[in-house]
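Morning, everyone. Please look at the structure on the screen, and then we will walk through its sheet.

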Amino acid sequence: MADQSSQVIDCMVTLCPSIYQSDDVKHRPLSTILTAFQKDERVKQQVEQVRAAQDKESYAQAKNKLPVVIFGGKFNNRKNSGLLEASGLMAHDFDVDTQAESDELKETLKDDPYIYSFFLSTGGL
């Protein structure tokens with residue numbers, strides 16, 4: 001499994017500045033993205049702004065300014081036709097309504113051998 005883990009962490013993914021700038025792409029190792037999710041203060045501040053939004057419109061505006069990560073590989077834009085090299089990764093978005101559901105999902109995912117990483121959504125659950 002160690003060899004597979006190092007292959008996964010070194011695979012390249014695509015980063016766009018926002019959903020509005022989906023042709024301005026950068027390619028980064030997955031490790032760089034996951035480290036930013038955990039430690040980059042700018043990322044934390046951006047997510048906190050989204051979570052602090054008082055209404056749906058403010059929430060959408062703040063969320064749409066967040067960087068976009070395309071875990072599926074290297075793309076030259078945010079379209080299927082823009083695929084340059086597949087990463088072999090698949091991203092899933094699980095919607096839950098309560099903290100209890102979120103906690104239960106985390107417990108299920110943490111020991112699954114096919115799950116490399118998981119994290120809270122921007123919305124917080």
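In what order do the three strands form the open sheet? The order is E2-E1-E3, and the pairing is antiparallel. A quick word on the source: this is a predicted model, where local features need pLDDT of at least 70, side-chain atom pairs count only at pLDDT 80 or more, and totals for chains, interfaces and linings use all residues. Residues are numbered from 1 along each chain as its sequence is written, and side-chain values use heavy atoms, with hydrogens and water left out.

Helices (H or I, at least four residues) and strands (E, at least two) are DSSP runs, numbered from the N terminus. Two strands pair if DSSP finds at least two bridges between them.

Next, the pairs. E1 (residues 12-16) meets E2 (residues 26-29) over four bridges. E3 (residues 68-70) joins E1 through three bridges. Take leucine 15. In E3, its bridge partner is valine 69.

Last, the helix. H2 (residues 30-39) lies across E1, E2 and E3.

Methods
Contact means heavy atoms within 4.5 Å. Axes are lines fitted to C-alpha atoms, for helices over the stretch in contact, and angles run from 0 to 180 degrees between N-to-C directions.
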